[in-house]
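Hi,

Here's the structure I said I'd pass on. Have a look first, and my notes follow below.

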Amino acid sequence: MQSKDTNAEMGATEIFRMPSTEATSPDIMGQAQPNNPTLTIVKGPQTGSVFELTDKVVSIGRDPSNSVFLNDMTVSRHHARLDLSGLGSGFATIEDLGSLNGTWVDGAIVNRAMLKDGSTIQIGTFRMVFHANRRATRIETGN
């Protein structure tokens with residue numbers, strides 16, 4: 001018995017497009033344009049979470065009192081500290097606070113390191129990307 005569907009030919013390839021709301025890769029930042037630096041979790045239990053960093057010194061760890069709370073046993077209670085006071089000069093620093101599993105920046109284990117826009121930070125099972133989110137400034141060319 002033949003189907004009465006006139007739109008599909010026998011043996012024709014159909015294309016399936018997944019709606020963007022059901023994509024397997026999360027839209028991490030959406031339409032948001034944060035004014036402050038951010039840490040975005042790109043791998044780990046809270047993938048897709050974005051922390052807007054509003055303080056000059058930001059604590060990271062498993063204890064809920066931390067500015068960035070990472071709820072996983074691979075993270076020490078008080079794991080690391082970000083110092084954002086140098087962002088006006090174009091840099092930030094991260095310091096490991098004697099954690100058990102260490103703090104990794106751009107693939108290297110560190111005690112203390114400078115961060116640039118786009119640096120990856122690995123703490124326990126969490127991989128995060130640091131963004132400075134500085135406003136673009138106009139460069140005068142003299143014309």
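Two terms before the sheet: strands are DSSP runs of E, at least two residues, numbered from the N terminus, and two of them pair if DSSP finds at least two bridges between them. Keep in mind that this is a predicted model, so local features need pLDDT of at least 70 and side-chain atom pairs count only at pLDDT 80 or more, while totals for chains, interfaces and linings use all residues. Residues are numbered from 1 along each chain as its sequence is written, and side-chain values use heavy atoms, with hydrogens and water left out.

Now the open sheet: 5 strands make it up, in the order β4-β3-β5-β6-β9, with mixed pairing. The edges are β4 (68-69) and β9 (112-115); each has a single partner strand, so one side of each lacks a neighbour in the sheet. β9 pairs with β6 (residues 92-96) in the antiparallel sense, over 4 bridges, and there A113 of β9 is the bridge partner of I94.

Then there's β1 (residues 38-43). It pairs antiparallel with β2 (residues 50-52) over 3 bridges, with T40 bridged to V50 in β2. Their hairpin has 6 residues between the strands, and G44 takes a positive phi near 130 degrees in it. β1 also pairs antiparallel with β11 (residues 126-131), over 5 bridges; T38 stands opposite H131 of β11.

Last one: S76, in the loop between β4 and β5 (80-83). Is S76 buried or exposed? It's buried (under 20% relative accessible area, 1.4 Å probe, protein chains only), at 17%. Beyond its neighbours within four places in sequence, S76 is in contact (heavy atoms within 4.5 Å) with G61, R62, S99 and L100.

Cheers

Technical notes: Buried < 20%, exposed > 50% of the residue type's maximum accessible area, 1.4 Å probe, protein only.
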